[in-house]
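Student: I would like to learn how to read a few features of a protein model. Can we take them one at a time?

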Amino acid sequence: MTSQIQIQVEDDRTGLSIETLRRAVADNLFYIQGKYPGIATKNDYYMAVSYTVRDRLLQRWLNSIKNYLKPDVKVVCYMSAEFLVGPHLGNNLLNLGIYERVRKAIAESGLDLKELIEQEEEPGLGNGGLGRLAACYMDSLSTLEIPAIGYGIRYEFGIFDQEIRDGWQVEITDKWLRYGNPWEICHPENTYEVKLGGYTEHYQDDYGNHRIRWVPNRVVKGIPYDTPILGYGVNTANSLRLWKAEAPESFDFKAFNVGDYYGAVDQKVVSENITKVLYPNDEQIQGKQLRLEQQYFFVSCSIQDMIRIHFESGKTLETFHEKFAVQLNDTHPAIGVAELMRIFVDEYHMEWGKAWDITQKTFGYTNHTLLPEALEKWPLSLFASILPRHLEIIYELNQRFMDRVRMKYPNNNEKLARLSLIDESGEKYVRMAHLSCIGAHAINGVAALHSELLKKDVLRDFYELFPEKFSNKTNGVTPRRWVVLSNPRLSELITSKIGDSWIRNLDQLKKLEPFADDPDFRQAWLKVKQDIKEDLGAYIQKHQGITINPKSIFDVQIKRIHEYKRQHLNVLHIVTLYNRLKQNPSLDISPRTFIFGGKAAPAYHMAKLMIKLITSVGDVVNNDPDIKNKIKVVFMPDYNVKLSQRVFPAADLSEQISTAGKEASGTGNMKFSLNGALTIGTLDGANVEIRQEVGAENFFLFGLTTEEVVAKKAAGYNPLNYYHSNAELKYAIDMLSSGYFSHGDSNLFNSLLESLMYRDQYMLFADYQSYIECQDKVSEAYKDLDNWSRMSILNSARMGKFSSDRSIAEYCEDIWNVKGVPIPLTDLCPDGQCSLV
């Protein structure tokens with residue numbers, strides 16, 4: 001009797017054995033990159049590994065897309081002008097659970113996986129917290145198996161790369177796509193036309209109904225590029241669909257033949273400008289126009305795409321709100337309210353009342369700001385020139401809304417003026433937050449304090465009118481990227497004690513609390529932190545030539561540069577410490593390394609001057625022999641997701657020092673605490689909830705409360721009183737104005753210092769003494785490293801609330817009415833045979 005041996009050979013596209021992975025990488029290097037090892041670059045290998053990983057995502061991704069089309073499946077559509085997703089390779093390896101296997105597979109070929117991960121260009125699709133939150137939410141939507149599509153813009157150049165030259169920020173074009181993007185797939189078959197400009201025509205249809213036709217003077221095409229966003233340990237891979245603008249005809253052959261070479265490509269250039277750059281400078285009217293066109297472009301493409309999916313699901317438009325829950329991530333996509341109405345009423349001839357009912361049931365609106373100047377509004381003349389039909393719709397919506405307001409508040413013209421969709425207090429504007437408030441069935445803030453302040457102040461009139469719409473959804477961050485991927489050593493230590501269920505359920509970190517009282521665990525915790533700090537110190541030495549003490553307090557403030565975030569208050573503390581050390585070089589303080597990072601908007605002069613202030617103070621402090629290396633100042637250029645993954649794990653102290661009542665939430669504060677940093681902060685944004693969770697004794701609190709800020713301003717706040725009555729503050733300001741930190745140029749920081757001395761909009765002088773005293777407490781606390789370690793452990797252990805998984809679960813329950821749908825991993829091409837029909 002002859003025995004038969006069955007040999008199973010894994011598919012090179014899906015197999016997960018080390019040998020199969022190694023072979024797949026070699027095949028992709030050869031067949032996709034067109035290279036062999038002798039001539040392949042490090043980027044070629046990165047691309048080959050990425051294609052290998054993407055192959056293993058595709059079955060999950062296509063099954064998830066198939067799920068969108070089921071008639072009974074409701075889909076979340078997250079519309080955001082930013083998605084700061086960060087590099088994909090490491091995250092996908094982690095979520096697939098194949099990091100170690102891929103590392104071993106390519107190590108056999110002499111390659112280092114960490115080096116290849118570092119090779120990836122970061123997608124320049126966001127600027128800060130708004131875009132990073134959207135990325136965390138996409139991760140959690142997939143991990144919780146919620147059917148979802150993220151809709152945004154495929155910026156060709158994205159946010160700028162930042163260089164520091166002579167202490168100043170210089171913006172460099174961010175060419176993140178120059179070597180290709182292995183994670184995206186273009187789907188030109190799902191292209192949509194977007195109209196711009198022109199005029200409207202009123203006419204009667206064949207049945208005598210009054211209709212309106214929009215006649216544009218320009219049309220652009222929106223081409224979708226899809227990227228899979230895989231959940232952790234599940235089969236769900238949702239789509240991030242980003243739109244690129246193109247001209248309907250990219251080349252005018254007739255113009256070219258008569259010698260008009262520029263005219264031959266003019267339409268192509270003008271159309272593609274729409275998706276060239278994230279947040280064009282909108283100081284000039286041309287910048288404002290481009291920004292409005294950007295917003296409408298991606299919103300129109302996205303809504304047309306939803307309608308296509310809806311029809312392919314076999315549904316009629318009357319059930320659109322049952323198929324889709326559309327979330328507006330701030331006001332950038334707010335024009336979607338008017339666009340959905342336009343499509344329903346003009347293109348599908350739906351009755352106005354029914355269209356408005358469906359529209360309101362479809363949209364939810366997340367507000368992200370307490371700064372009135374950050375609530376978007378568009379000059380009426382500009383809006384009319386680009387979106388004439390939408391302005392008519394907004395006028396109609398406003399008239400009906402104002403009639404309702406008059407019934408509730410008769411003879412109250414002030415209330416009418418505040419609630420109107422049109423600001424008529426001077427030059428007329430269209431108010432996008434107002435449009436969002438009436439067009440959405442739900443309005444939420446992003447931290448408990450923020451949501452209360454929206455109801456009391458920024459959106460008070462809308463809250464009084466629609467109290468049932470308002471709720472709070474405190475922001476969260478994904479522990480997959482911000483702990484497991486960014487901080488593998490700490491993750492391993494945590495998992496060694498409590499298992500790995502915390503990665504999916506962050507509340508499990510509570511199990512760490514008893515170990516805060518274990519001396520051996522505290523030492524192990526300190527050892528991990530110290531090793532990470534030494535790594536960051538080596539990185540800073542290599543890239544910036546600054547030698548820092550890895551045993552010093554790593555005092556970190558990395559975030560967008562803005563006056564309300566008060567990086568200059570941090571600088572005043574540095575100057576104060578410097579002055580103390582100059583007066584008494586033997587002063588006993590805990591050594592500190594002050595680490596800054598962040599970008600200033602190109603047109604924001606004061607923020608750029610703040611960067612120059614930080615670097616100028618650093619140049620003096622770092623090179624003064626009297627200081628004996630007790631303090632160092634580092635500004636890390638080009639802050640982005642990749643850099644932040646180095647910095648968050650190394651931080652000892654997290655600076656969350658915005659003026660109370662100005663920060664909506666913040667998410668950097670959460671990432672720091674999750675990684676064991678202690679916070680020094682005001683009662684602002686999510687700081688309030690973080691302090692409640694970790695315990696007041698494990699949080700360094702200073703500064704005025706929101707109520708005190710308001711009261712002090714109402715009483716006639718005069719910063720000069722603080723300047724003249726506080727000797728250390730006066731000395732610090734006088735040092736800065738004297739030219740001591742600016743090579744004798746006493747005028748360099750004039751505009752910044754005069755702003756503080758005579759206006760101090762963000763109350764630095766009022767909070768200065770409290771901040772300095774709190775920082776002295778930090779210095780004392782750090783001298784007891786064992787107890788510091790205990791506080792650090794408790795910060796991490798008590799951060800379970802701040803998972804983006806919790807945030808998304810709340811949105812699903814309270815706003816979207818969406819349930820998770822597990823994705824079975826079915827073979828869409830059985831036996832490798834995909835039907836062509």
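Predicted model: local features only at pLDDT ≥ 70, side-chain atom pairs only at ≥ 80, totals over all residues.

Student: At what angle do the axes of H21 and H32 cross?

Tutor: Axes are lines fitted to C-alpha atoms, for helices over the stretch in contact, with angles from 0 to 180 degrees between N-to-C directions. Helices are DSSP runs of H or I with at least four residues, numbered from the N terminus. Here the axes of H21 (residues 519–544) and H32 (residues 785–797) cross at roughly 85° and come within 9 Å. The two helices are therefore roughly perpendicular (65 to 115 degrees).

Student: Is Ser803 buried or exposed?

Tutor: Buried means under 20% relative accessible area and exposed over 50%, with a 1.4 Å probe and protein chains only. Ser803, in the loop between H32 and H33 (804–816), has 3% and is buried. Its side chain reaches the backbone nitrogen of Asp805 at 3.0 Å.

Student: How many residues has the largest nonpolar core?

Tutor: A nonpolar core is a set of buried Ala, Val, Leu, Ile, Met, Phe, Trp, Tyr and Cys residues joined through side-chain atoms within 4.5 Å. The largest one has 117 residues, and helix H9 (residues 285–312) gives the most to it, with 10 residues. A second, separate core has 66 residues, including Leu577 and Ile589.

Key:
Residues numbered from 1 in each chain as written. Heavy atoms only, no water. Parallel < 35°, antiparallel > 145°, perpendicular 65-115°, else oblique. Polar contact = N/O pair within 3.5 Å; in protein donor to acceptor, adjacent residues only side chain to side chain.
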